[in-house]
Amino acid sequence: TKAIGMKIDSSDKRQVFTQIRNSVIDAALQRLARNSGWLLAAEGVALIVSVLQFPLVARLLGTGGYGKAALIVGWVGLVGSLLGVQTRKTIVKYLSLYLSNDQNFKALAIVKLGLILNISLATASCVTMYIIAPTLSLWLLDSPDGAILFRIIIIRDYFASTTGTTTSVLRVLDRFKWLSVVNALSSIATFLLVTIALMNGKEVIGYLTAVTAVSVIQSIILLTHSNSTLKLRCSANWWKADLSILQSHQKEIRTMLLSMKLDGLRKVATEKADVVILGLFVNINSVGLYKMGKQLATYVSRLSNPIYSAIYPQLANLYHERGSKYIPKFVGSITRWMIVAMTALITILLSISGTLVPLIFGKEYIAALPIFYIIMLMHIWLVLIWAPGLMLTLGKARQLMSINLLSAVIMIGSLFILAPVWGITGAAIALVTNYWVWSALILWYISRIPDIRLWPRRTQSKQT
């Protein structure tokens with residue numbers, strides 16, 4: 001009878017634990033759905049605006065003007081990314097950690113550190129680029145008149161340097177609704193200013209000025225609101241924080257910042273380096289066609305960005321508050337959602353692109369369709385959209401950095417090999433290769449983490 005009672009008691013405890021676990025996971029998924037929903041709504045507005053703005057810009061600038069704008073934005077962004085620092089994920093990890101433990105002074109200090117790094121490095125890189133803008137214009141555009149175009153984007157990127165920290169603060173503090181409203185209004189304002197500029201014949205300079213003006217205002221608003229929200233939460237201003245209070249985590253923070261810096265090279269490669277390297281081997285019209293195909297393909301990624309942005313803070317909070325036992329089911333639910341959503345969306349885009357591209361953008365952009373079809377193959381990574389956030393949450397920043405860096409190096413090497421031979425087709429293949437290599441490496445590594453059983457396996461590997 002006693003043994004039976006113990007079995008019943010043990011069974012009851014397991015049922016209680018299961019109910020608690022399911023309740024925690026359901027609550028986490030609900031917060032994720034709510035936060036993703038707000039960001040997705042803003043991205044939906046941005047997408048609608050882009051669907052209107054993109055054809056307008058492409059038609060009025062033509063392949064030559066569109067290619068010139070892509071080269072200018074690509075080069076300035078490339079240099080800024082190489083010389084800047086990635087604070088977004090570091091802020092999310094440590095700010096959520098400190099706030100969950102009611103360590104408000106440390107929370108303020110990590111934000112101060114992020115902003116100091118953002119502003120100081122951006123000042124150095126932007127001043128340097130501002131000075132050499134005439135040289136860049138002569139080298140890339142064969143004209144000194146393009147210096148002003150480079151300087152417009154340099155100003156935009158300088159003000160935008162703090163957004164990585166400020167948006168991370170607002171996400172950790174659950175201000176997704178406010179972020180969504182600001183992002184949606186910024187998209188609408190950009191469309192209005194770009195339309196006015198292009199309709200008045202301002203061409204490339206008008207387009208770049210309109211984009212810069214909205215970005216500068218948005219950056220100032222984000223900085224102001226993140227400061228006031230953080231002050232309300234911690235009852236103090238971030239600039240008064242003492243950085244020495246972070247000494248206990250100094251080595252970890254430095255390691256993560258360095259890892260994220262190296263990790264950012266993959267993003268530089270996929271978002272900027274391909275256009276820049278391609279520009280060394282093909283003419284501006286071909287750059288415009290490649291950018292068109294890539295822009296169309298990345299609409300899928302744009303719709304997934306809100307989910308990606310919401311997943312990491314939720315994973316970090318769930319892990320820090322509840323431990324690793326809740327992670328597998330949470331991740332499994334996300335994976336199933338992404339498979340269904342991405343399959344449907346990609347199928348729709350592939351089926352309508354052949355008809356809509358010549359109709360909306362003009363017949364000169366029909367040559368961009370094969371590039372679009374190739375680049376669409378990169379979206380295999382979206383099934384693993386949770387993986388970077390999970391690895392960072394588990395303290396695997398160095399391993400994530402290694403995977404990202406390796407895939408980026410493979411892409412850069414492929415670009416230099418394939419672009420001179422196959423032009424824009426070669427660049428598209430190199431871009432897709434990066435994502436397939438990354439996905440394979442991520443799956444291989446996560447399957448070796450002992451405490452996270454995301455799928456059944458025969459043996460448990462040693463800690464890596």
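Select T212 to begin: leaving aside its neighbours within four places in sequence, T212 is in contact (heavy atoms within 4.5 Å) with I152, I153, I155 and R156. This is a predicted model, in which local features need pLDDT of at least 70 and side-chain atom pairs count only at pLDDT 80 or more, while totals for chains, interfaces and linings use all residues. Residues are numbered from 1 along each chain as its sequence is written, and side-chain values use heavy atoms, with hydrogens and water left out.

T212 lies in helix α7, residues 203–234; helices here are DSSP runs (H or I, at least four residues), numbered from the N terminus. T212 counts as buried because its relative accessibility is 7%, where buried means under 20% relative accessible area, with a 1.4 Å probe and protein chains only.

Next, select R156, one of the contacts of T212. R156 is also buried, with a relative accessible area of 18%. Its side chain meets that of D157 in a salt bridge (2.9 Å, N to O); the term denotes a side-chain nitrogen of Lys or Arg within 4 Å of a carboxyl oxygen of Asp or Glu.

Now display helix α3 (residues 104–141) together with helix α4 (residues 147–159). They pack at an angle of about 160°, and their axes are 8 Å apart; axes are lines fitted to C-alpha atoms over the stretch in contact, and angles run from 0 to 180 degrees between N-to-C directions. The angle therefore makes α3 roughly antiparallel to α4, a term for angles over 145 degrees. The residues of this contact divide into 15 nonpolar, two polar and two charged; Ala, Val, Leu, Ile, Met, Phe, Trp, Tyr, Cys and Pro count as nonpolar, Asp, Glu, Lys and Arg as charged, and the others, Gly among them, as polar.

To see the contact, select I91, Y94, L95, Y98 and L99 of α2 with N104, K106, A107, I110, V111 and G114 of α3. Eight of these residues are nonpolar, two polar and one charged.

Finally, select D274 and K294, which form a salt bridge with the closest N and O atoms 2.7 Å apart. This pair links distant parts of the chain, 20 residues apart: D274 belongs to helix α8 (residues 250–278) and K294 to helix α9 (residues 284–297). D274 counts as buried at 0% relative accessibility, as does K294 at 6%. A search of the whole structure finds two salt bridges.

Key:
Helix = DSSP H or I, 4+ residues; strand = E, 2+ residues; numbered from the N terminus. Buried < 20%, exposed > 50% of the residue type's maximum accessible area, 1.4 Å probe, protein only. Parallel < 35°, antiparallel > 145°, perpendicular 65-115°, else oblique.
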